[in-house]
Amino acid sequence: MAGTRARTGGGQTVLDSAHVGDIRGALGSIAAHDTGARPGLPAKLKTLLAIVGPGLIVMVGDNDAGAFGTYTQAGQNYGTRLLWTLLLLVPVLYVNQEMVLRLGAVTGVGHARLILERYGRFWGAFSVIDLFLLNALTIVTEFIGISLGLGYLGLPKVPGVLVAAAAVIAAASTGSFPRFERVCLILVAGSLALIPVVVMAHPPLGQVGRDFVLPGMPGGELSTVMLLIIAIVGTTVAPWQLFFQQSYVIDKRITPRFIRYERVDLWIGIVIVVVGAAAMMCCAAAAFAGRPGFGHFTDAAGVAAGLGRYVHEAAGILFAIALIDASVIGAAAVALSTSYAIGDVLGLRHSLHRSPRQAKPFYALFAALLLVSAIIVVVPGSPLGLLTEGVQTLAGVLLPSATVFLLLLCNDRAVLGPWVNTRATNLFASAVIGVLVLLSIVLTASVLYPRITFAQLLGILAAGALLGLIGLVAAVWPVPGRRRRPRRDTAPVDRSQRASWRMPPLALLERPRLSPGRRLGLAVLRGYLVIAAALVVVRVAQLALGR
């Protein structure tokens, strides 16, 4: 595959020459040779408008059909008592996505390809295969969301779902990156349809404010509440986001010079996604409070019906439109992340700047994912409930490996040079990864064993926390009588060359030397993934057979 690489100006490695050139976004452009300062607010705003896109799309795309189901379930069953979880997830979202946007801008190589080149074929193949399976199932759930919205609006589901798939394919297949991004930003604006729904529902603002900042547990069975909290985390921190944003930043041709603007774009996206998630919880809570449907969530269509019945007919219609809008942008982003990752690993042309004729495999995979998923949804008798459960389980299995390798890559000096993580970022990211791994294990166990008790869930969390503490102590506690060798990756980082530094060609980089602790950790992770994947297959087979 080395022959597919191209070396461009500045020593940067790219796998597709279309990833180099002028930044051309939906709201503006920046010439590749434009290295001048941006004095004054108007110039800075003009630059930001040209950069805006990756952060907005990846965040709003995360408020997809699955998110509609999870957040409205929290609102209908528990009111606004779980709003605080959204505020806690803000730093998690930012740290994870900031690391991948930095990787994309500095390396010019996608997430899956970096894993393959730096950590070997097993992890590279695993990341792509698992991402492909998970994303394919996720796209099915997006079309389920579209069918639910169409059903509430009284529109025919079969032609509506197929038209939605065709529209997404058409938007991406024009050979114009700005045109596709323009469509996505229109869909981002459409997500704001939830705001008037909340206004019409009139949730108690005082209680909403308290529940946003004061953590608390609602009444009910604690194990059920805990699993819903874990589902909120899972639907907000999804593996496809990491692969999508890194590749999209590369395809938009964003360089390290504009990382500060891309961080602002990411923050705008985070604000919108949190506002949207809170709106879903609040409108469902206000619509069903004190009514028979409270505590009896069915699906997003049931929430739309409740809004139409108890709030206003327009509220139900707007909610259904927002659900369709979110599902469409989710399907586009998830399918694109898959096509990007496979194109990156196989060395294929994979850019929205290219026409379908110039990048046939890239567009063929994108179209196939969408069309097959849409057909599965419209075929009578498809096991849609089983597929939805499979998404939840596979997301729990994949998330630990995705986040672990994200942290490893962001500490790889050969890859990021002066852009490697700071110590503070590493401490926070390590804590986040530890929590995500624990939640992943709990979520996987709960799906595989639905009768798991609250005490057993606490036992898993306690055991995981104890193992994490032991690992931390072992990593930092000096062993008596053993002299530590100085490590090259602990020397001070010279960050003065950030503006001009790019990752050298991958073929010239030596594989990272893993410490015994990291090697052991990766072996444990591999064992967990193999066992969990086997259990998932067994569980899915049992469900398919009706056991």
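Predicted model: local features only at pLDDT ≥ 70, side-chain atom pairs only at ≥ 80, totals over all residues.

Reader: How many aromatic pairs does the structure hold?

Author: Two rings count as a pair if their centres lie within 6.5 Å. By that cut-off, the number of aromatic pairs in the structure is twelve.

Reader: Is the pair of Phe-244 and Tyr-248 stacked or edge-to-face?

Author: The two ring centres are 5.2 Å apart, with 20 degrees between the planes. Planes under 30 degrees apart count as stacked. Phe-244 and Tyr-248 therefore form a pair that is stacked.

Reader: What separates Phe-244 and Tyr-248 along their helix?

Author: Both residues belong to helix H12, which covers residues 239–251. Because they are four residues apart there, the separation is about one helical turn.

Reader: Which helices does the pair of Phe-288 and Tyr-310 tie together?

Author: This pair is edge-to-face, at 6.0 Å centre to centre and 75 degrees between the planes. Its partners are 22 residues apart in sequence. Phe-288 lies in residues 259–288 and Tyr-310 in residues 300–310, so the helices are H13 and H14.

Reader: Which residue has its charged end over the ring of Trp-419?

Author: Tyr-310 has a charge over its ring too, from Arg-309 at 5.4 Å from the centre. For Trp-419, the charged end lies 4.3 Å from the ring centre and belongs to Arg-498.

Methods:
Residues numbered from 1 in each chain as written. Heavy atoms only, no water. Phe/Tyr/Trp six-rings, centres within 6.5 Å; stacked < 30°, edge-to-face > 60°. Helix = DSSP H or I, 4+ residues; strand = E, 2+ residues; numbered from the N terminus. Lys NZ or Arg CZ within 6 Å of the ring centre and 35° of its normal.
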